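Dear colleague,

Please find below the structure for your review. My findings follow it, arranged by topic.

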Amino acid sequence: MSLNLQEKILQAASELFYSQGIRATGVDAIVKAANTTKMSLYKYFLSKDDLVLAFLRKRDEDFRAWFVEQVDAKADAPKAKLLAVFDVIGEWMAVPEFRGCAFINAAAEFPLEGNPVHQVSAEFYDHFRSYIADLAGQCGSKSPESLALQLSLLVEGAIVSEQMKRHSGSAEQAKQAAIVLIEGSLSYIPDLSLSTTNTQEQQ
């Protein structure tokens with residue numbers, strides 16, 4: 001399916017923003033990559049800031065849909081899905097085009113919390129933690145929100161570590177730490193069938 005001009009501009013900008021950085025990418029480079037003009041760019045996006053926000057929102061939507069699909073393809077049970085998160089992250093970080101997390105990078109470039117770019121970036125991780133918290137709740141976690149924050153911190157740390165040094169093994173190390181956190185957070189659910197068996201044996 002061929003892209004319309006607005007989509008071509010957004011795609012070109014997205015690739016440049018992710019590979020080179022937002023501030024380092026000028027409008028001239030974007031229109032050249034999209035094979036269009038500044039007039040056409042500003043017809044669809046009133047400013048570079050609008051284009052940056054469109055890039056982040058589109059990436060949020062696309063990445064989360066892709067991520068959930070990948071996790072679901074690897075596991076069925078909630079607990080297994082929590083661990084599959086780290087497998088998916090590891091596979092994503094292994095691709096040659098990996099340049100870190102677009103949202104962590106954007107928040108670093110626009111550090112003020114009131115900045116719209118920073119806010120959209122923070123919203124991505126709010127959504128991510130909600131997804132993890134939902135899985136944690138299904139597992140029987142004593143504190144799903146706390147576990148979600150802990151696992152999200154492991155994911156974010158692994159991403160930054162891999163960005164700074166490729167093939168660092170950070171995803172696997174994060175997964176091992178996640179196993180400990182998940183087990184520690186699961187509610188104790190007694191095996192009633194085992195209890196019944198023991199009682200009968202004592203009789």
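The protein has ten helices and zero strands, where helices (H or I, at least four residues) and strands (E, at least two) are DSSP runs numbered from the N terminus. The model is a predicted one, in which local features need pLDDT of at least 70 and side-chain atom pairs count only at pLDDT 80 or more, while totals for chains, interfaces and linings use all residues. Residues are numbered from 1 along each chain as its sequence is written, and side-chain values use heavy atoms, with hydrogens and water left out.

Overall form

Along the principal axes, the C-alpha atoms fill a box of roughly 85 × 35 × 30 Å. Of the 203 residues, 38% are buried; buried means under 20% relative accessible area, exposed over 50%, and partly exposed in between (1.4 Å probe, protein chains only). Among contacts (heavy atoms within 4.5 Å) between residues at least 6 apart in sequence, 65% join residues at least 24 apart.

The nonpolar core

A nonpolar core is here a set of buried Ala, Val, Leu, Ile, Met, Phe, Trp, Tyr and Cys residues joined through side-chain atoms within 4.5 Å. The largest one has 59 residues, and L51, F67, V85, W92 and I159 are those with the most contacts inside it. At least two residues each come from helix 1, helix 2 (27-34), helix 4, helix 5 (78-93), helix 6, helix 7, helix 8 and helix 9 (170-185). Helix 7 gives the largest share, eleven residues. Leaving aside neighbours within four places in sequence, V85 touches F67, V71, F128, Y131, I132 and V155.

Helix 6 (residues 102-109) has A102, F103, N105, A106 and A107 as its buried residues. Their cover includes helix 1 (5-20), helix 4 (48-74), helix 7 (116-139) and helix 8 (144-164).

Helix 1 against helix 4

These two helices pack at an angle of about 85°, with their axes 10 Å apart. Axes are lines fitted to C-alpha atoms, for helices over the stretch in contact, and angles run from 0 to 180 degrees between N-to-C directions. Helix 1 is therefore roughly perpendicular to helix 4, a label given to angles of 65 to 115 degrees (under 35 is roughly parallel, over 145 roughly antiparallel, the rest oblique). Helix 1 contributes I9, L10, A13, S14, F17 and Y18 to the contact, and helix 4 contributes K48, L51, V52, A54, F55, K58 and R59.

Individual residues

T25 sits in the loop between helix 1 and helix 2 and counts as buried, at 0% relative accessibility. Beyond its neighbours within four places in sequence, T25 is in contact with L16, F17, Q20, I30 and K48. S40, in helix 3 (residues 38-44), is also buried, at 19% relative accessibility. With the neighbours within four places again left aside, S40 is in contact with L5 and I9.

Most residues other than glycine have a negative phi. N35, in the loop between helix 2 and helix 3, has a positive phi near 55° and is exposed, with a relative accessible area of 68%. H167, in the loop between helix 8 and helix 9, likewise has a positive phi near 55° and is exposed, at 71%.

Yours sincerely
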